[in-house]
Each structure stands twice: as C-alpha cells, then as structure tokens.
Amino acid sequence: MFRSFATFNYRTWFLGAVISNIGGWMQATAQDWVVLTELTNNDATAMGATMALQFGPPLVLVGLTGWVADRFDRRKILLTTQSTLMVLAVGVAVMLLTGIMTLPMMFGFAAAFGITNAFDAPARQAFVSDMVSMEDTSNAVALNSASFNMARLIGPAVGGVLIVVMGSGWVFIANAVTFLAMLIALLLIRKNELMPRVKSGKHGGGLAGGFRYVIHRPDLMVVFVMVFLVGAFGMNFPIFASTMALEFHQGADGYGLLSSVLAIGSLAGALLAARRDRARVRVIIASAAGFGAASVISALMPSYWSYAVVLIFVGFSTVTMLTTANGYVQTTTDAGVRGRVMALYMAVLMGSTPIGAPIAGWVADMFGPRMAITVGGVAGLLASAIGVGWMLWSGRLHRAERTRFMLTLDETRPLSVVQAMDPSLFNDRTAATTPIRLPHRKSD
C-alpha cells in the first residue's frame with residue numbers, strides 16, 4: 001500500500017503536501033463561509049459564482065497550462081505557483097482583518113487563485129510521475145489523494161473552530177504559513193533522482209497534440225465525460241454542506257464538521273485505491289453509481305447527524321472514482337504528452353465547476369439544498385450509465401473464457417517503462433559483442 005514511500009523524493013513531497021493541504025482546506029472553509037454569511041445574506045448563488053471564478057481558469061487556460069507543464073521544469077513551476085498562492089492568501093487575510101473586503105474584491109481574489117491553480121494543478125499531477133517509477137505511479141496518485149483527504153479530515157473542522165474563535169481573516173494567515181512546508185519540500189527534493197523527462201515526440205507540441213491523443217483513446221474520452229458530469233453537478237460540496245448546515249440550524253463549526261465527516265469516507269477510498277495494483281475503468285463506473293446512490297439518499301436524511309453519516313459513503317465513492325480516474329489517465333498515457341493530457345483532465349474536473357456550481361447554487365436558492373444534492377446524484381447515475389454503455393458498445397465486455405456465467409472486461413494496460421541501467425555497471429566484458437559468423441561462400 002505504501003510502496004511509493006521507498007522513494008526519498010516522494011516521502012518528502014508527501015509530508016509537505018499534508019501540511020499544506022490542511023491549510024488549504026482551512027482556507028476553503030473560511031472562504032465559503034465568508035461569502036455565504038459575511039459578504040452576503042446566505043446567498044448560495046454568490047457562493048456558486050465564487051467557485052466558478054476560482055475553478056474556471058483551468059478550463060479557459062488549458063491550452064497554455066498543459067504546454068507549460070510539459071515544456072518547463074515542473075519543480076520550478078510549483079515553486080512559483082505555491083509562492084504566489086501564499087502571497088494571495090496573505091492579501092485576503094489583510095483585507096478581512098482590516099474590514100475592507102467586499103464581495104467584488106473576493107471575486108477578484110477567487111479568480112487570482114483560479115489562474116494560479118490552473119498552472120499549479122497539471123504540473124503538480126504530472127510531477128508525481130517524475131518522482132516515482134511508472135510501476136508505482138498509480139500507488140503514488142492514490143497516496144496523494146490520501147494526503148489530500150487526511151488534510152480534509154482535519155482542515156475544515158479546525159478552520160470552522162478558528163472562524164468562531166479568532167475570525168476568518170486569521171484562517172487565511174494560517175494557510176499562508178502552511179505553504180512554507182510545501183516550498184521547503186520542493187527545495188529538499190533531489191533533482192538527480194527525478195525520472196528523466198520524455199520529449200513530445202510524434203504527438204507534436206501544444207494543446208492540439210493532447211487533444212489528438214485523447215480523441216484517439218475512446219476509453220479516455222469516456223472517463224473524461226464521467227468526471228465532467230460528476231464534477232459539474234455532484235461535487236459542489238461547499239454549497240451542499242453549507243446550505244444543509246444552515247437548514248439544520250448549524251453554524252460555521254457545524255459546516256466544518258460536515259466537511260471533515262465527508263473526508264472520513266474520502267480517506268478510506270484513497271487508501272483502498274492505494275492497495276490496488278492498477279487503476280481500472282470498471283472501478284470508475286462502479287464508484288460513479290455508488291456516488292449517485294449515496295447522494296440521493298443523503299438528500300432524504302431527516303437530521304444533521306443522519307446526513308453526516310451518509311456523507312461518509314458520498315466521500316468514499318467520490319474519491320474512489322477520482323483517484324482511480326487520475327491514476328488511469330496517468331498510467332495509460334504516453335509520457336511525452338502526459339502533461340497536456342493531465343491539463344485536459346484537470347480542466348474537465350476543475351473547469352466543470354464554473355458550469356455546475358452556479359446551477360447548484362441557483363437550485364439550492366430556488367428549490368432548497370436537498371433538490372440540488374439530488375440533481376448531483378442523478379448526474380452520478382448518468383455517468384455510470386454512460387460507462388456501462390461504452391463497455392457494451394466497445395466490445396470489451398465479453399464472457400470469460402474459463403467460466404461459463406462470468407463476464408470480463410478488456411482493460412487498457414498501464415504503459416511499461418524500461419529502466420535505464422546504472423552506468424557504473426558497464427564494463428568492457430559486458431559491452432563486448434559476439435561476432436556474427438557469416439556462412440562461407442564458395443568462389444566461382
């Protein structure tokens with residue numbers, strides 16, 4: 001389960017990511033609560049607009065961000081983006097602590113966070129495969145998700161308490177401090193132990209090469225469509241959890257607790273994904289169905305605590321789907337185009353929010369949060385149905401050869417990488433070649 005920890009670079013990265021992610025979740029909780037209760041009068045639509053501005057840039061800038069992730073040193077990209085995010089967090093904190101923050105100003109900061117994350121996300125996702133071998137990439141992606149959700153287990157609850165005790169501005173200050181952990185980790189990484197980068201090759205440069213690659217991979221197209229549906233309509237958890245907390249007459253601490261409860265299932269899903277030898281499409285399809293069913297059930301819960309319990313299953317199925325999808329895309333994509341394909345994947349995942357979040361906020365305002373959650377659940381069930389339809393249409397689903405009544409699915413195998421031999425192992429004896437003996441030709 002933890003085989004990627006055998007690599008020094010990944011261990012260092014993991015520790016820095018856990019600390020930084022805790023601060024990130026604290027800030028996310030504070031930002032959502034500020035927009036919902038301090039800058040507006042429980043306006044879920046404004047909250048959806050903030051999310052749209054924050055998650056829209058990855059979709060708009062996908063052509064540039066994927067090219068940057070493939071063209072430049074990903075470690076240096078991350079040093080730049082993480083430093084920028086830290087400065088932005090300090091800026092929001094100052095505005096809140098001095099009492100001059102307004103909703104339009106928060107919209108501006110949300111857009112700035114989104115632009116920076118548009119460059120950060122594909123570089124960060126692809127950098128995982130720079131630190132470990134291809135055989136361990138799926139495990140490293142799953143452990144990355146576990147890190148993210150361990151932080152999600154702690155960050156929102158701590159953030160909610162800090163909002164009540166100290167005020168929302170200090171939560172942004174705390175997040176700025178945690179960025180130092182990631183920056184130190186990036187500086188400690190041993191550059192000579194990173195995996196060699198592969199040039200673009202036959203797929204060409206620019207975003208067009210990534211598009212062409214994905215279009216010729218129907219399995220990736222299906223995965224992208226499923227992730228888009230769940231991301232756009234089902235993963236608006238800040239809107240769902242905050243509005244449900246208000247419906248159950250809870251405050252910021254109650255909202256933060258719901259986010260942490262969601263992370264319990266998310267962490268379990270990430271750890272279970274780390275145990276699998278590789279990522280499979282069938283798991284993505286099954287977890288999408290599980291997400292849809294759990295979401296619909298959660299919308300029917302009559303009390304705060306019953307809703308919180310069902311959120312565990314929502315978190316489990318969500319992270320199982322996204323972690324498996326991320327691992328599948330990374331391990332089955334050519335290395336020369338991986339940065340651009342991951343940028344497309346992140347654009348689909350994060351860029352779906354500007355479409356779905358305002359819709360979810362409007363539905364929550366007009367028809368109540370339970371209806372908004374139900375819409376997300378139906379989207380998950382639809383995504384699973386699309387996956388099943390693809391399996392039947394593609395011909396990959398057929399009867400197993402050794403069993404009469406069982407079915408099997410032909411999966412795309414992960415790319416294998418031939419490891420380079422250590423130059424110190426070469427010597428004259430191993431480099432010697434056996435002469436090729438040609439048959440003796442008789443002279444005429």
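Leaving aside neighbours within four places in sequence, which residues is Ser287 in contact with? They are Ser317, Thr320 and Met321, where contact means heavy atoms within 4.5 Å. Ser287 itself lies in helix H13 (residues 281-299). With 7% relative accessibility, Ser287 counts as buried, buried being under 20% relative accessible area, exposed over 50% and partly exposed in between (1.4 Å probe, protein chains only).

A word on the ground rules. This is a predicted model, in which local features need pLDDT of at least 70 and side-chain atom pairs count only at pLDDT 80 or more, while totals for chains, interfaces and linings use all residues. Residues are numbered from 1 along each chain as its sequence is written, and side-chain values use heavy atoms, with hydrogens and water left out.

Now the whole chain. It has 18 helices and two strands; these are DSSP runs numbered from the N terminus, with helices (H or I) of at least four residues and strands (E) of at least two. Of the 444 residues, 55% are buried. Among contacts with a separation of 6 or more, 85% join residues 24 or more positions apart. The accessible surface is about 19900 Å², and carbon and sulfur atoms hold 67% of that (Shrake-Rupley method, 1.4 Å probe; for residues, only the protein chains shown count as cover).

| Helix pair | Axes come within | Crossing angle |
|---|---|---|
| H7 (residues 134-165) and H12 (residues 252-275) | 8 Å | roughly 170° |
| H5 (residues 74-97) and H6 (residues 103-131) | 9 Å | roughly 155° |

The axes are lines fitted to C-alpha atoms, for helices over the stretch in contact, and angles run from 0 to 180 degrees between N-to-C directions. H7 and H12 are therefore roughly antiparallel to each other, and so are H5 and H6; that label takes angles over 145 degrees. H7 passes H12 in a left-handed crossing, and H5 passes H6 in a left-handed crossing too, meaning that the near helix is turned anticlockwise from the far one by less than a right angle.

Helix H17 (residues 369-394) has 26 residues and should span 38 Å at 1.5 Å a residue, which agrees with the 38 Å between its end C-alpha atoms. The expected span is 1.5 Å times one less than the number of residues. Its buried residues include Gly376, Gly377, Gly380, Ala383, Gly387 and Trp390.

Finally, a loop: Ala335 sits between helix H14 (304-331) and helix H15 (338-351). Ala335 is partly exposed, at 29% relative accessible area. Its C-alpha atom is 9.4 Å from that of Asp70, 265 residues apart along the chain.

Methods
Angles under 35 degrees count as roughly parallel, over 145 as roughly antiparallel, 65 to 115 as roughly perpendicular and the rest as oblique.
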